[in-house]
Amino acid sequence: MIEVSGGKSVNFSIPDILEPDIPDYSCSITSFGAVGDGMTVNTEAIRQAVDACVKAGGGTVVIPAGMWLTGPIRLESRIRLHTERGAVILFSSRKEDYPLIETQWEGNRAVRCMPPIYGERLRHVAVTGEGLFDGNGDAWRPVKRFKMTAKRWAELIRSGGAVDEAGEIWWPEEAALQGASAVRELDRRGAPAGEYEPYKRFLRPVLLGLYECSHVLLSGPTFQNSPAWNLHLWGCEHVTLRSAHIRNPWYAQNGDGLDLESCRYALVEDCTFDVGDDAICMKSGKNEQGRMLGKPVQDVIIRGCTVYHGHGGFVVGSEMSGGARNMLVEDCVFIGTDIGLRFKSTRGRGGVVENIVIRNIRMKEIEGAAISFNLYYGISGEDGELEAVPVTEETPEFRNIAIEDTVCIGAQRAVELIGLPERPLHHMEFKNVKLSSEQGVFCRYAEDIVFEDLEIRVETGPKWMISHCDRISR
């Protein structure tokens, strides 16, 4: 049990996080005919190696040095997938290799293509070693024109694919472009999975998807170039992510690094992230589905991680309708992220985010706010008046959060606290925080906020911009 305390009133405990127990048996994929030449498809050989370990009661599937082309790898309980140094696992770009499954996507039930690394309702499972998993994401992902230089955009157009009517989004295939509207209609009427088959080129998978698993270890490998999110764990318990490298191109659409969704008892330590969307992200479902499921993301420790690029370094939301609580984030470095510490939600989500302690964070060259709490996510005009509406189960709440001993050198804004008029942000403490930025602290619809030993150096304008707030201590 780990006891956590922050500020004057944020206190909670996190149970010990347990790692998997894998039997000693092992076998190499080469024993089943795998060839590491980058051209031979090894899907069947890897499946046979996994099956052999399952028949032995569990064990380790070894992937040695080489270039291993394969379709999706389906993990099983008490199996460790171990990659030796020099192993590159390149997942096929053939959409036919990825069957459709019912899963979770952006906070709701969805039909998507099977992840290249996949497991469901497993117990004691691990992916380890010094190898590299490449999801061949460029064969799946759309690209937005505003993210490209003119030269790079012209190269994309010449490469083939299709562009939408507005000329702003490029897709690798015409079928993927056309799938967007069709899938929205199928989702609306709750169509069975089989009706999605003609549009599977639109239904990009995450690179690694583990759902309702327990005792999970991801230690050592590089996970990169995902078709969508990189690592997605949903409804899992006792998760350890250690010394891994998570990479996506900076322009990758939905290129999140890690999404812990409705998980509990998780440790993320000594990892590096360089991704195209939020880096280390906590989620718990979206809107009514998330609230009805009621599975918060909770009891999470994040420490010793470095984020080089991402829309946010550490992020909660915006799909957090099941709630988020009991989290410790410490000793992390964020360099060049769009936002450093990012909390986001909006009307309609509901859910409570509480009991979070963040300390010893070092940030540099943050494009937006170093620290951001924004309940206007998806609502235009943060600086305009917003009329209060009745508080309901759809109203999100952020409370009992402490940020301590944190430094940022270079940001567009030091701190932004933007709540809702019907439910302001409340009971937050900032202690020994030192920030240099273009603009200072912006507070709107917040109450019971304590700033202690806060040092801000701004380039332009006032250090403090406070409106519609109560009990701000500074």
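1. Let's start with a strand pair: E15 and strand E17 (residues 169–171) run antiparallel to each other and are joined by two bridges. Strands here are DSSP runs (E, at least two residues) and helices likewise (H or I, at least four), numbered from the N terminus; two strands count as paired if DSSP finds at least two bridges between them. Val143 has Trp170 in E17 as its bridge partner.

2. A word on the source: this is a predicted model, where local features need pLDDT of at least 70, side-chain atom pairs count only at pLDDT 80 or more, and totals for chains, interfaces and linings use all residues. Residues are numbered from 1 along each chain as its sequence is written, and side-chain values use heavy atoms, with hydrogens and water left out.

3. Back to the sheet, which is open, with three strands in the order E15-E17-E16 and antiparallel pairing. Strand E15 (143–144) and strand E16 (162–163) are the edges; each has a single partner strand, so one side of each lacks a neighbour in the sheet.

4. Now for helix H1 (residues 43–55): in it, Ala45, Ile46, Ala49, Val50, Ala52 and Cys53 are buried (under 20% relative accessible area, 1.4 Å probe, protein chains only). Why do they sit on the same side of H1? Because they cover an arc of only 155° around the axis, taken from the directions from the helix axis to the C-beta atoms.

5. The cover over those buried residues includes strands E3 (26–28), E5 (59–63) and E6 (66–70), among others. After H1 comes Gly57, with a positive phi near 90°.

How values were computed: Buried < 20%, exposed > 50% of the residue type's maximum accessible area, 1.4 Å probe, protein only. Contact = heavy atoms within 4.5 Å.
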